[in-house]
Amino acid sequence: MGGDFSLNYQPEEIYDVIIIGAGPAGSTAALYTARAGLKTLVLYRAEADGALGVTQKIENYPGVPGPISGYELLKIMREQAKSFGAQFVRGKVIATDLTGEIKKVYTIDGREFRGKTVIIASGAMERANKFKGEEEFLGRGVSYCGVCDAAFFKDQPVAVIGEDDYGVEEAEFIARFASKVYFVVPGSRIKAPPEVVEEFKNLPNVEILLRHRVIEIVGDQVVKGLKVKDLNAKEEKILEVNGVFIFLGGTKPSVDFLMGQVEMTDDHCVVVNEEMMTSIPGVFAAGDVLCTNIKQAVIAAADGCKAALAVDKFINKKAKITSQW
Ligand SMILES: Cc1cc2nc3c(=O)[nH]c(=O)nc-3n(C[C@H](O)[C@H](O)[C@H](O)COP(=O)(O)OP(=O)(O)OC[C@H]3O[C@@H](n4cnc5c(N)ncnc54)[C@H](O)[C@@H]3O)c2cc1C
């Protein structure tokens, strides 16, 4: 199960490449950069996360007849990258400083990572809309980070709004502190591996509320409750909680951490040249974050390969991209 927040990296290290995202784009990029002898770090949010991570069944990835869950396929990709020396570290990226020669990447738990190049492979599963009360109570009961804020809710009831492995991993961590965790799922199931859901269900202080639509976060100075609609019983109720943690996905590119530093389209899609380089030299992008019209794992993987070979060219000052045999 996730929750690995160990610092299995060296903070003084300058990586050749930091890859943000461990989906097919990021994992494939890591395989290629690590195999090219480049010191490679991959940062990712949660184990079965991203578009492929939440896919129940895939049977069109070449070489893997399937059907196989997206998460199982991801594990194979990641193991292959790790076998060449790529390091995978869990951490949600919230900010970057990409303008200097050494790029800086910051995670939500306060760590700083430094690299000569960056590949943005964070997919397109960001939420576009906010809940009523979300902005008003941000930092006053509303949070997007279990590791950062769970301890503030020791022995208090909280709601965690989620739907997949990312939400479950965070909720499990929060449940170590909170007296009670209402896990509010808008849909009819949790999109996470069955064994993960089973383990989660068995936590004594967790109550899973499927098919509950969030209406509003309520309170005065601080959060006092979460108003939800039970779509089965067709009734509204207020969960009396002191904290609301939100870990939901959407379809927007996950690029907030770029803070407008690289050129993007009006729809927040990252713009790259034919070598997958963004408007900032040394910063590349691959996969769904580019909003290519065909969103498929094999295409994201191919993008990751191209970005990795472009990183190799950039770092080793090659005249042109060379294939890897
Ligand atoms: C329901 C569904 C079914 C699908 N079925 C198929 C199929 O059958 N066949 C097929 O080929 N394709 C399928 N796809 C499409 C395919 O899954 C995507 O095109 C592909 O996963 C995109 O890869 P990616 O690496 O760009 O992004 P993703 O797979 O979305 O991976 C994004 C990665 O970025 C990480 N990340 C995001 N934000 C941050 C952050 N702030 N900090 C750190 N890490 C971050 C995530 O943890 C994740 O590791 C499906 C997609 C969905 C949603």
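**α1 and α3.** I started with helix α1 (residues 24-35) against helix α3 (residues 70-83) in this predicted model. Their axes sit 8 Å apart, at an angle of about 20°. Angles under 35 degrees count as roughly parallel, so I put α1 and α3 down as roughly parallel to each other. I also noted the handedness of their crossing: left-handed.

Next I listed who touches whom. From α1 the contact takes P24, S27, A30, L31 and A34, and from α3 it takes L74, M77, R78, Q80 and A81. Sorted by class, this α1 with α3 contact has 7 nonpolar residues, 2 polar and 1 charged.

**α5 and α6.** Then I looked up helix α5 (residues 165-175) and helix α6 (residues 194-201), which pack at about 30° with 11 Å between their axes. That angle makes α5 roughly parallel to α6. The crossing of α5 past α6 is left-handed.

D165, V168, A171 and E172 are what α5 brings to the contact, while α6 brings V196, E199 and F200. For α5 with α6 I get 4 nonpolar and 3 charged residues, and no polar ones.

A297 has a polar backbone atom 2.8 Å from a ligand oxygen. For L52, a backbone N or O atom lies 3.3 Å from an oxygen atom of the ligand. P24 turned up again: a backbone N or O atom of P24 is 3.3 Å from a ligand oxygen, and P24 is also one of the α1 residues in the contact with α3.

How values were computed
Residues are numbered from 1 along each chain as its sequence is written. This is a predicted model: local features need pLDDT of at least 70, side-chain atom pairs count only at pLDDT 80 or more; totals for chains, interfaces and linings use all residues. Side-chain values use heavy atoms; hydrogens and water are left out. Axes are lines fitted to C-alpha atoms, for helices over the stretch in contact, and angles run from 0 to 180 degrees between N-to-C directions. Helices (H or I, at least four residues) and strands (E, at least two) are DSSP runs, numbered from the N terminus. Angles under 35 degrees count as roughly parallel, over 145 as roughly antiparallel, 65 to 115 as roughly perpendicular and the rest as oblique. A crossing is left-handed if the near helix is turned anticlockwise from the far one by less than a right angle, and right-handed if clockwise. Contact means heavy atoms within 4.5 Å. Ala, Val, Leu, Ile, Met, Phe, Trp, Tyr, Cys and Pro count as nonpolar, Asp, Glu, Lys and Arg as charged, and the others, Gly among them, as polar. A polar contact is a pair of N or O atoms within 3.5 Å; within protein, one must be able to donate a hydrogen and the other to accept it, and residues adjacent in sequence count only if both atoms are side-chain atoms.
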